[in-house]
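Take the points one at a time and look up each residue as you go.

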Amino acid sequence: MSKQMFGIIALTAAIAQVKNPKSFIWDIMIGRESTEKTIQFEMHTKNEGRYRAPLVGRRENSILVEREAFQVQVVEPAMIKIHTVNEAENMFKQQFGQTKYQQNTDKVWKQQLADDMKKLKNIGFRTKVWMLTTLIKTGVCPMASGEKGISYGEFQKEVLSGNDMFTHQDADILAYLEKKQRNIQEKTGLIPDTVITTPKVAAAILNNSKVKEYLKETNANIFMINDKTAEKNTGEKLVAYLPTLGITIYSYVDWYAELGTDEETTVLEEGDLILFKKGSFRCQYGALALRAKSGEPATKFVEKEVLRPRYPENSEDDLLEYVSAPLISPEDAQGWAYAKVA
């Protein structure tokens, strides 16, 4: 009974039912998630939508020109591997004898398993959010604890200075956003519709005289009043809507901490700004070749994440191990702007 209920297949099916924690930045930026059937897979990413035709011999067939040109890389995503002590299975085994879990034993081990799955899933999800935000800020999706990474093209963070800074009274914020939006559209065909920034920048935007006049003239405050999702408990706050540009601006605050440390790091540094099209990033999950038990042949799992029991010979503790191989990529390597504006 224990082997069936705590086997790799049953545990993987169970953790698939556990919901991810709410994350504003993940939900608004990730437009698609998919599982791949192989450990290594081709990743197709546009880079300014540029066309590149391969050369063919004189007797070979011509090349079909697709509407969009892609960069193709064969990648093998690094794994997220984390574990915790498998207390739930110990409780399940002991419920048939006199133990400290004698009262309501069935309820206790199930709650323990649910808590452990939620903890592991939350840590795995926060790791994916860190991968996403690192890609946004550097142009590289990190792998192997950030020691390696996959670059999708040229990337450069812009740093504004002088009168261009959003905190300067003469800054033309609207002109800056319009120019950036147009540049991205001309390069990629994507039309950015979302700005995520920090509270300091949000305050500077609302205090800017040109923005104030613009919001008044366009009656954009009506949108703000009627929007029922202006404030949520996931770190974001609706700041403004720019109707002629079709851009919605949010302020956002969140943190992450390395496992085993108490040091927290903000997801966005104060003064930073991201301009992008909603849903223009994706997450692909490589297949996982895992052994259900030591000594058994590996089995391929085409899943976003796998949960398996482990029984280390050198430890008295049985373990629950969470494994996932995510890779995050943009629709186009030039499809967003990242800048320090204040």
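**Notes on the model**

1. Start with lysine 137, whose side chain reaches the backbone oxygen of valine 267 at 2.7 Å. You'll find lysine 137 in helix 5, residues 105–138.

2. A caution before going on: this is a predicted model, where local features need pLDDT of at least 70 and side-chain atom pairs count only at pLDDT 80 or more, while totals for chains, interfaces and linings use all residues. Residues are numbered from 1 along each chain as its sequence is written, and side-chain values use heavy atoms, with hydrogens and water left out.

3. Is lysine 137 buried or exposed? Lysine 137 is buried (under 20% relative accessible area, with exposed meaning over 50% and partly exposed in between; 1.4 Å probe, protein chains only). Still, lysine 137 has no salt bridge (a side-chain nitrogen of Lys or Arg within 4 Å of a carboxyl oxygen of Asp or Glu). The nearest side chain of opposite charge is glutamate 269, 5.7 Å away (Lys and Arg count as positive, Asp and Glu as negative; His and the chain ends are not counted).

4. Leaving out residues up to four places away in sequence, lysine 137 touches Phe155, Thr266, Val267 and Tyr338 (contact means heavy atoms within 4.5 Å).

5. Of its 342 residues, 44% count as buried.

6. Six strands make an open sheet of mixed pairing, in the order 7-20-13-8-10-9 (two strands pair if DSSP finds at least two bridges between them). Strand 7 (158–159) and strand 9 (236–242) are at the edges with a single partner strand each, so one side of each has no neighbour in the sheet. Strand 7 pairs with strand 20 (residues 336–340) in the parallel sense over two bridges, and valine 159 has lysine 340 in strand 20 as its bridge partner.

7. Last, helix 8 (residues 209–218): its buried residues are Val211, Tyr214 and Leu215. Seen down the helix axis, these fall within an arc of 95° (taken from the directions from the axis to the C-beta atoms), so they line one face of helix 8. Exposed Lys216 and Glu217 sit on the face turned away from that buried side.

Definitions and conventions
Helices (H or I, at least four residues) and strands (E, at least two) are DSSP runs, numbered from the N terminus. A polar contact is a pair of N or O atoms within 3.5 Å; within protein, one must be able to donate a hydrogen and the other to accept it, and residues adjacent in sequence count only if both atoms are side-chain atoms.
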